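Dear colleague,

Please find below the structure that I am handing over to you. My findings follow it, and I would be grateful if you read them with the coordinates open.

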Amino acid sequence: MLIAADKFKGSLTAVQVAERVTAGLRRVVPELDVTAMPVADGGDGTVDAAVAAGFERRETRVAGPLGDEVTAAFAVRGDTAVVEMAEASGLQRLPKGVFAPLTSSTYGSGELLRAALDAGARTIVFGVGGSATTDGGAGMLSALGARFLDAEGEPVSPGGGGLTDLASADLTGLDPRLTTIDLILASDVDNPLTGPKGAPAVYGPQKGAAPDDVDALDAALGHFAKVLEEAIGAKAAEYAAAPGAGAAGGIGYGALLLGARFRPGIEVMLDVLGFPAALEGATLVITGEGSLDEQTLHGKAPAGVAAAARAEGKEVVAVCGRLALPPQSLGHAGIRRAYPLTAIEPDVVKCIAEAGPILERVAENIARDFLV
């Protein structure tokens with residue numbers, strides 16, 4: 001039995017999901033051999049998943065999205081590091097109810113990458129998602145040695161809004177170690193930097209951007225790419241249009257400028273966590289996340305787990321808080337059956353508040369259906 005589920009956002013971490021499912025299964029089959037492998041798709045929870053798989057947790061002080069200092073974690077095993085941009089620049093780093101769509105910066109994410117380099121990393125998996133920022137990665141690049149100046153030769157203000165005043169860009173001061181490593185941009189979105197499907201239009205409203213803010217940020221990021229094109233040539237424009245450039249408020253663009261390879265986050269994480277080896281001995285795989293919906297089918301963790309398991313002929317079931325996919329869609333994704341908490345407790349508020357105990361009951365049902 002292999003449990004490879006993501007977090008139930010707002011209720012349970014991926015580690016807690018695995019613990020609760022294990023407890024419920026063993027209530028029905030006490031001697032059941034269970035392998036727990038919490039997973040993530042590059043967004044928040046990615047470092048925790050790596051630590052659960054045996055990576056060492058490291059902590060460092062970096063700038064949060066508003067410039068205040070925060071303690072952020074990354075994970076290291078050998079010469080591989082897992083860096084999660086949300087640890088430094090995520091929405092959870094903003095005060096409750098506060099958004100700063102024009103001024104929040106990814107500077108701390110650059111500091112995290114630098115900390116991974118200082119730790120001796122030769123491969124860095126850079127998981128992006130859950131950002132509070134829409135600055136195209138300008139803050140991150142600044143922390144790594146780039147300079148973005150206004151017409152007076154002064155650094156532009158932090159955040160996407162500040163890029164409106166950008167007059168010149170200089171990337172010659174970037175940390176030279178970046179040219180010697182394998183940097184992997186791990187994301188579950190493939191949006192370009194700007195335009196109708198770009199970072200401001202699609203994700204800006206989630207970060208508190210009003211329609212005028214979205215327009216301003218889209219124009220600012222377009223200007224950012226144009227100034228960079230003047231500085232480093234046509235590849236700056238190519239990267240802006242590339243899949244993944246719009247990830248996490250455009251930090252994907254900044255990562256591509258650093259030479260990163262874009263890969264779907266869940267695919268990268270399954271490789272890093274050792275999923276193929278764990279899958280070999282499993283007869284049943286349990287995956288899941290808080291909400292199984294249309295987004296799940298587009299690069300989220302359960303879809304990635306199910307695809308990898310199905311390729312090896314393994315049966316997959318899913319647990320979730322709420323289920324918004326019909327059986328046919330689940331089947332196409334490689335999921336035999338889904339078990340939502342709401343099937344046991346229809347009250348969504350109770351489901352969120354009591355997710356752990358309810359999930360154990362769900363796991364008991366899975367055990368009865370598939371193991372006895």
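In this predicted model, 6 strands make up an open sheet of mixed pairing, in the order β3-β4-β5-β6-β9-β10. Its edges are β3 (56-63) and β10 (261-264), each of which pairs on one side only. From one strand to the next, the twist averages 30°.

Within this sheet, strand β4 (residues 69-77) is joined to strand β5 (residues 80-84) by 4 bridges in the antiparallel sense. Val76 has Ala81 of β5 as its bridge partner, and Phe74 is partnered in β5 by Val83. The hairpin of β4 and β5 has 2 residues between the strands, and Gly78 adopts a positive phi near 60° there. To β6, strand β5 is linked by 5 bridges, and these two strands run parallel. Here Val83 has Phe126 of β6 as its bridge partner.

Strand β5 is mostly covered, with 5 of its 5 residues buried. In a regular strand, side chains alternate between the two faces of the sheet. In β5 both faces are covered: Thr80, Val82 and Glu84 are buried on one side, and Ala81 and Val83 are buried on the other.

Helix α4 touches β3, β4, β5, β6 (123-127) and β9 (182-187), and its direction makes about 140° with that of β3. Helix α10 (residues 265-273) touches β4, β5, β6, β9 and β10, and its direction makes about 90° with that of β10.

Arg114 lies in helix α4 (residues 107-118). Residues up to four places away in sequence aside, Arg114 touches Ala143, Leu144, Asp175 and Arg177.

I turn next to the nonpolar cores. The largest has 56 residues, and those with the most contacts inside it are Ile124, Phe126, Leu141, Phe148, Phe224, Leu228 and Tyr253. Helix α9 (residues 247-257) gives the most to this core, contributing 7 residues. Phe224 is in contact with Asp135, Gly136, Ala138, Leu141, Phe148, Leu163, Leu166 and Tyr253, when neighbours within four places in sequence are left aside. There is also a second, separate core of 37 residues, which includes Ala73, Ala186, Val272 and Ile335.

The model contains another open sheet, in which 5 strands pair in parallel in the order β2-β1-β11-β12-β13. Its edge strands are β2 (35-36) and β13 (337-340), and each pairs on one side only. Strand β12 (residues 315-323) pairs with β13 in the parallel sense over 4 bridges, and Val317 has Arg337 of β13 as its bridge partner. Helix α15 (residues 355-370) packs on this sheet and touches β11 (284-292), β12 and β13; the direction of α15 makes about 150° with that of β13.

Helix α15 also packs with helix α1 (residues 14-28), at an angle of about 45° and with the axes 7 Å apart. The two helices are therefore oblique to each other, and their crossing is right-handed. On the α1 side, the contact is made by Val17, Arg20, Val21, Ala23, Gly24, Leu25, Arg27 and Val28. On the α15 side, it is made by Gly356, Pro357, Leu359, Glu360, Ala363, Glu364, Ile366, Ala367 and Arg368.

Finally, Gly334 is located in the loop between α13 (327-332) and β13. Gly334 counts as buried because its relative accessible area is 13%, which is under the 20% limit. Apart from neighbours within four places in sequence, Gly334 contacts Ala306, Arg310 and Val316. Pro200 is 134 residues from Gly334 along the chain, and the C-alpha atoms of these two residues are separated by 33 Å.

With kind regards

Note on methods. Residues are numbered from 1 along each chain as its sequence is written. This is a predicted model: local features need pLDDT of at least 70, side-chain atom pairs count only at pLDDT 80 or more; totals for chains, interfaces and linings use all residues. Side-chain values use heavy atoms; hydrogens and water are left out. A nonpolar core is a set of buried Ala, Val, Leu, Ile, Met, Phe, Trp, Tyr and Cys residues joined through side-chain atoms within 4.5 Å. Buried means under 20% relative accessible area, exposed over 50%, partly exposed in between (1.4 Å probe, protein chains only). Contact means heavy atoms within 4.5 Å. Two strands pair if DSSP finds at least two bridges between them. Axes are lines fitted to C-alpha atoms, for helices over the stretch in contact, and angles run from 0 to 180 degrees between N-to-C directions. Angles under 35 degrees count as roughly parallel, over 145 as roughly antiparallel, 65 to 115 as roughly perpendicular and the rest as oblique. A crossing is left-handed if the near helix is turned anticlockwise from the far one by less than a right angle, and right-handed if clockwise.
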